[in-house]
Amino acid sequence: MPDHRIRINADFWKGKNVFVTGHTGFKGTWLSLWLQGMGANVSGYSLQPPTEPSLFELCRMKDMVSSYIADIRDMTALSEAIVEAAPDIVFHLAAQPLVRASYLNPIETYEINTMGTIHLLEAVRQAKRNNVPIKAVIHVSTDKVYSQLDEERGYRETDRLGGGDPYSNSKALTELIVTSYRQIYEKEERAWSMPVALASVRAGNVIGGGDWAEDRLIPDCFRAILQDEPVKLRYPQAVRPWQHVLEPLHGYLLLAQHIYDDKQYAEAWNFGPNEEDTVSVEQVVSSLCQKWGNQAAYLIDSAEHPHEAPVLRLDCTKSRHLLGWSPRWNLDMAITKSIEWVKAYDQSGDCREICRKQIQEYVEGSESHDH
């Protein structure tokens, strides 16, 4: 069994060159900020921030990372950026991440998620041939890659991949691509100066301050609340694994530390909440409204909506036992921290400092949790 006191090692990240695709997005900004705070040299490759406002701009990230503003589908620009950034570690977050948008634009969803991942992995392969010292790649996937099970148990990393809607299906395809490239890397290892360890990570439904995506539950809640309107719930009984955004990011960072020196960890990994935090949409929104106060309320939207899986659960036994990872903040805390962030933002607080403070609280809490 591993040492369960293992945690993120800031000294490991200090001075490391890290390349983050999708760095202008919600999750990408939080990750870039965390990495930069540990002394990593962060380069990002992404389109302009996908929302207005955006966490990336509110945190003034342009001052802190080297940005390549370009499309993941542009193979030439991507390859040049990776060679120029000369990363030690790559995090691939760039994606079309919304289920409802995938129904409206399936071709674009497949192009960005599936071909975008091929472009990234091929660019890494070519960069290695140009002596770029990449040792580890973390491909960020989703819990929606699994085929729907009738069982009540959570999905395990070895379960069958599928995905009914274009978003879920495109991400399931990326998992097959990652597996194929992992084998390519293995076979070509002798021709390279160093091997590339390639892992895939599947997280639950993340919440936290700074997410303004359309058609995503918690951002929709905060938008409605700030406008003194009731929150409309499309799928009140849908059950999801809810977690604060820092939870899976903690897992990604921990996994990158492991695979950097030990390729046996280069596999697929689930990062989800404890069982009691896998609850319905209505339970989450009810709790959020209650904590917010000031007459925050919700109603059920009875219109017809595209199909989404009724229940998603993640079994994270593997991450707990082999990485020593476990959730630090329960759902109650995740909602509290999200509300804290939004209220500070609404009162014109410094968003970069709010994020840094919450990262610090999370890390300090995780260290006391680990001892």
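Modeller: Let's start with a term: buried means under 20% relative accessible area, exposed over 50%, and partly exposed in between (1.4 Å probe, protein chains only). The model is predicted, so local features need pLDDT of at least 70 and side-chain atom pairs count only at pLDDT 80 or more, while totals for chains, interfaces and linings use all residues. Residues are numbered from 1 along each chain as its sequence is written, and side-chain values use heavy atoms, without hydrogens and water.

Colleague: Happy with that! Is C351 buried or exposed?

Modeller: Its relative accessible area is 3%. That value makes C351 buried.

Colleague: How many disulfides does the structure hold?

Modeller: A disulfide needs two cysteine sulfur atoms within 2.5 Å. The sulfur of C351 has its closest cysteine sulfur in C59, at 5.9 Å, too far for a bond. For C221, the closest is in C289, at 6.2 Å, also too far. The number of disulfides is zero.

Colleague: On to the sheet: which strands stand at the edges?

Modeller: Strands (E, at least two residues) and helices (H or I, at least four) are DSSP runs numbered from the N terminus, and two strands pair if DSSP finds at least two bridges between them. Three strands form an open, mixed sheet in the order β7-β9-β11. Two strands each have a single partner, so one side of each is left without a neighbour in the sheet: β7 (205–207) and β11 (278–280).

Colleague: Which residue of β11 is the bridge partner of P241?

Modeller: Strand β9 (residues 239–244) pairs with β11 in the antiparallel sense, over three bridges. In β11, the partner of P241 is T278.
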